[in-house]
Amino acid sequence: QVQLVESGGGLAQAGGSLRLSCSASKGVFTVGTMGWYRQAPGKPRELVASISSGGDTNYADSVKGRFTISRDNAKKTVDLQMNSLKPEDTAVYYCNIDRMGTTWGPVFDTWGQGTQVTVSS
């Protein structure tokens, strides 16, 4: 079973910073596009940022210039550095990997358990 483990959520003040990390469990050999999504209460889940295996990045307009996504292919990790946080960034943040090559064969569309980010004004 492949799992994604997230860490780094918590409480921050407006204008502050947080860093989220996500790592894949053992048995993963290759990783495709990695992304961070978020879901605020009463709202649909939305893409925050993604990064391809080649390093191409994509950001939601609402976070451009404030958030930075990065990955370590050797460690099978993806991080999200969040700066200049706003109260509207408050949400549960989820890590996602679109496809992985694993000991058990290919695995598609895997999600982490989610980590809460709360930004106070």
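Student: With which residue does R66 form a salt bridge, and how far apart are the closest N and O atoms?

Tutor: This is a predicted model, and the values discussed here are computed from it. Side chains of opposite charge can pair when their charged atoms come close. For R66, the salt-bridge partner is D89, and the closest N and O atoms are 2.8 Å apart.

Student: Where in the chain do R66 and D89 lie, and how many residues apart are they?

Tutor: R66 sits in the loop between β7 (57-59) and β8. D89 belongs to the loop between β9 and β10. The pair therefore links distant parts of the chain, the separation being 23 residues.

Student: Is R66 buried or exposed, and is D89 buried or exposed?

Tutor: The cut-off for buried is a relative accessible area under 20%. R66 has a relative accessible area of 10%, so R66 is buried. D89 has 1% relative accessibility, so D89 also counts as buried.

Student: Which residues are linked with R66 and D89 in a network of salt bridges?

Tutor: The structure holds 5 salt bridges. R66 and D89 belong to a network of such bridges.

Student: Which residue meets the side chain of D79 in a salt bridge, and which strands hold the two residues?

Tutor: The side chain of D79 meets that of R19, at 3.1 Å from N to O. This pair links distant parts of the chain, 60 residues apart. D79 is buried, with a relative accessible area of 15%, whereas R19 is partly exposed at 41%. The strands are β9 for D79 and β3 for R19.

Student: Are K64 and D61 buried or exposed?

Tutor: The side chains of K64 and D61 meet in a salt bridge, with 3.1 Å from N to O. The term exposed applies to a relative accessible area over 50%. Both residues of this pair are classed as exposed.

Student: In what order do the 4 strands of the open sheet stand, and what is the sense of their pairing?

Tutor: Strands of a sheet pair through backbone hydrogen bonds, either parallel or antiparallel. The 4 strands here follow the order β1-β3-β9-β8. Their pairing is antiparallel.

Student: Which strands stand at the edges of this sheet?

Tutor: An edge strand has a single partner strand, so one side of that strand is left without a neighbour in the sheet. Neighbouring strands of the sheet are turned by 15° against each other on average, direction ignored. The edge strands are β1 (4-7) and β8 (67-72).

Student: Over how many bridges do β8 and β9 pair, and which residue is the bridge partner of R71?

Tutor: β9 covers residues 77-82 and pairs with β8 in the antiparallel sense. The pairing extends over 6 bridges. In β9, the bridge partner of R71 is V78.

Student: Which cysteines are joined by the disulfide, and how many residues apart in sequence are the parts tied together?

Tutor: The structure holds 1 disulfide, and this bond joins C22 to C95, with 2.2 Å from S to S. The angle about the S-S bond is -80°, and the link is left-handed. C22 lies in strand β3 (residues 18-24) and C95 in strand β10 (residues 91-102), so the pair ties together parts separated in sequence by 73 residues.

Methods:
Residues numbered from 1 in each chain as written. Predicted model: local features only at pLDDT ≥ 70, side-chain atom pairs only at ≥ 80, totals over all residues. Heavy atoms only, no water. Pairing = 2+ DSSP bridges. Axes fitted to C-alpha atoms, helices over the stretch in contact; angles between N-to-C directions. Disulfide = S-S within 2.5 Å. Salt bridge = Lys/Arg side-chain N within 4 Å of Asp/Glu carboxyl O. Buried < 20%, exposed > 50% of the residue type's maximum accessible area, 1.4 Å probe, protein only.
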